[in-house]
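Have the sequence and the model open beside you, and try each task before you read its solution.

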Amino acid sequence: MMRSKTSQYSSINIKFILICAFFLLLIFVLITNNPSSFSSQQTPEIHMISNSSESIKEPEPESATVLACDPSLDPLTIQACTKTPPSLAHALVHYATTNVTPQQTLKEISVSLRILEKKSPCNFLVFGLGHDSLMWTALNHGGRTVFLEEDKSWIEQIQAKLPTLESYHVEYDTKLTQADELMEIGMGEEDCKLVSDPRFSECLLSLKGFPSEIYDIEWDLIMVDAPTGYFEGAPGRMSAIYTAGLMARNRENGETDVFVHDVDRKVEDQFSNTFLCQGYFREQQGRIRHFTIPSHRARLGRPFCP
């Protein structure tokens, strides 16, 4: 996830819009958590993973957020139901007190936001850790948002400022200069057209070194905004794009919305169209492209691309 500077005007404008959006989200959360209207709602079941790539455990819930409020509860318990969720509170404070804003434009962010409004709380996997990570976590309040990052030192910097974010260090063994060769392999080898768990795929594009439960969780949204892909020695996003599509196809049922950023670049453009498939394409705004990929296990015999 690139971390370039934006103009002062653009930063102020996006910051203002983000703050307004978070306040609107806060109002929505407070209304929906009101005891008089919430008693009939059910607590959604979310698959959870922890902060350790070696031993993944179910984390503690946000202490200030009560998901089910019973009017018969004592006043102190009911009061907790209307507290600002910690993830939202942290995001408000962070973006209100920093000059750093997300790299994606408002129109680009809106593409993912529309899907999150429908699906959250949900399971959201993001390739890359950046200045927009806290925003994605807050917009998926109550869900699970996980970040995969190649740069250990960058993870340490972000964790020092935003310790509540869940991120994992991952490694890539490709180089951007291999893109053409990997495209030929992906299009030509039958193994790359078979749908399976990425850990057991024989396709050279499949990433197999993530924590095991990253593969076990059915991700509702996947954002590919990493690894680095703007210079020849960089890993490039060839395998990340292919693996995101494979994870989506390999879920038991349902569908996954996959977003690829920086599609103005050759690799992101070609690999997304080829392995996420133009038949699954939904929309593009600026440099972000959106695909909706259905489960191929739920209906056997689907072609890799429609």
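**Exercise 1.** Is Cys 277 buried or exposed?

*Solution.* Start with the ground rules. This is a predicted model, in which local features need pLDDT of at least 70 and side-chain atom pairs count only at pLDDT 80 or more, while totals for chains, interfaces and linings use all residues. Residues are numbered from 1 along each chain as its sequence is written, and side-chain values use heavy atoms, leaving out hydrogens and water.

Next, recall the cut-offs: buried means under 20% relative accessible area, exposed over 50%, and partly exposed in between, with a 1.4 Å probe and protein chains only. Cys 277 has a relative accessible area of 0%, so it is buried. Cys 277 lies in helix H11; helices (H or I, at least four residues) and strands (E, at least two) are DSSP runs, numbered from the N terminus.

**Exercise 2.** How do the axes of helix H8 and helix H11 cross?

*Solution.* First, find H8 (residues 179-188) and H11 (residues 266-277); their axes come within 12 Å and cross at roughly 5°. Axes are lines fitted to C-alpha atoms, for helices over the stretch in contact, and angles run from 0 to 180 degrees between N-to-C directions. Angles under 35 degrees count as roughly parallel, over 145 as roughly antiparallel, 65 to 115 as roughly perpendicular and the rest as oblique. H8 is therefore roughly parallel to H11.

Then look at the residues that meet, including Leu 182 and Met 183 in H8 and Gln 270 and Phe 271 in H11. Contact here means heavy atoms within 4.5 Å.

**Exercise 3.** Where are the cis peptide bonds at Pro 121 and Pro 227?

*Solution.* Ser 120 and Pro 121 are joined by a cis peptide bond with omega about 0°. Pro 121 sits in the loop between helix H5 (106-119) and strand E1 (123-127). The bond from Ala 226 to Pro 227 is cis too, with omega near 0°. Pro 227 is in the loop between strand E4 (221-224) and H10.
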